[in-house]
Amino acid sequence: MLNKKSRFSALILLVSIIAVSRNAFCAYAGSTVYDLISHAPDASWSSGAGVLPFPGNPADNRGFALFVDNAFLEDGSTWQRVLETHPQWVGGGWIMGAYPQQTVQSNVQLIVRIEFLSGATGTDGARFDVYFDEYRGLNVAPLRHTILSQVATLDDRLDLVTKDLDYLAGKKGNFIIYVNAGQTSGRDWAVWAEARVETKALPDLVIAEVRCDRNNSLIGVIDAPEPTHFLTKFHRYFNGYARHCCHSIACARLLQLECFEKVAT
Ligand SMILES: [Ca+2]
């Protein structure tokens, strides 16, 4: 049994573990794997008028892509840097950027936040697409996967879209962002405030039980839905903090983890 001082120390330690581990987890979740905005200069840009430079020129009627710094957007927010992609200045005009070939990691998702620059009054909206062109060899056309296709209008709000990329994990190919003007291209000041591939956040672990073991060590028992979740989540959760950890499989459907720290004796 623990004496009073030990019990108090154990309680403080447990609270510390929970607090620190939650903070550690929050810092891990949603890590950017590939930012389509900052990498925009690496993409190959084109429209119906042919190849386009990056950055483009806002007076170029072939369409243009460029960074806009301190951008004021339709919802009233200001962003340090967004990517503007204006389609060619014709009805049904479009613009696209094809990013360098890469292999999609597992456990990632695409996050996109789209809208228009403030003052785009008169635009009839635009369609924002993101594709992944899967590479299938030199003599075979790539297989296009449409990750998202979102029509946005000037509605004083940002459209946030999240797409799971698990079905593309391990595939090699090119991400492509594309904007189509729709009926008219007038004031299609289309911007991507966010566009990135990031790691998916796992659900929070819950400390289900606290008890002491035979050596008067504090034990936190954590339930996890399945081993993969447990293994990845636990190491992220406690990485570098709890030095004395072990785990055991209590039964087929419930994996329990016992993590203990020596407390004052
Ligand atoms: Ca339009």
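Q: Is G50 buried or exposed here, and why?
A: Bearing in mind that this is a predicted model, G50 counts as exposed because it has 9 C-beta neighbours inside 10 Å, and 12 or fewer is the cut-off for that class.

Q: Which element is G50 in?
A: G50 lies in strand β3, which covers residues 50-52. Its C-alpha atom is 9.9 Å from that of Q88, a residue 38 places away along the chain.

Q: Switching to β4, how does β4 run relative to β5, parallel or antiparallel?
A: Strand β4 (residues 64-72) and strand β5 (residues 78-86) run antiparallel and are joined by eight bridges, with A65 standing opposite T85 of β5.

Q: And what about the turn in that hairpin, which residue has a positive phi?
A: That is G76, with a phi near 95°, in a hairpin that has five residues between the strands.

Q: What does β5 pair with through two bridges?
A: Strand β13 (residues 190-199) pairs with β5 in the antiparallel sense over those two bridges, and E84 stands opposite V191 in β13.

Q: OK, the core now: how many residues are in the largest nonpolar one?
A: The largest nonpolar core holds 44 residues, and A65, V130 and V191 are among those with the most contacts inside it. Strand β13 gives the largest share of this core, six residues.

Q: What does V130 touch?
A: Leaving aside residues up to four places away in sequence, V130 touches L110, V112, I147, L148, F175, I176 and I177.

Note on methods. Residues numbered from 1 in each chain as written. Predicted model: local features only at pLDDT ≥ 70, side-chain atom pairs only at ≥ 80, totals over all residues. Helix = DSSP H or I, 4+ residues; strand = E, 2+ residues; numbered from the N terminus. Buried ≥ 20, exposed ≤ 12 C-beta atoms within 10 Å, placed from the backbone. Pairing = 2+ DSSP bridges. Core = buried A, V, L, I, M, F, W, Y, C linked by C-beta atoms within 7 Å. Contact = placed C-beta atoms within 7 Å.
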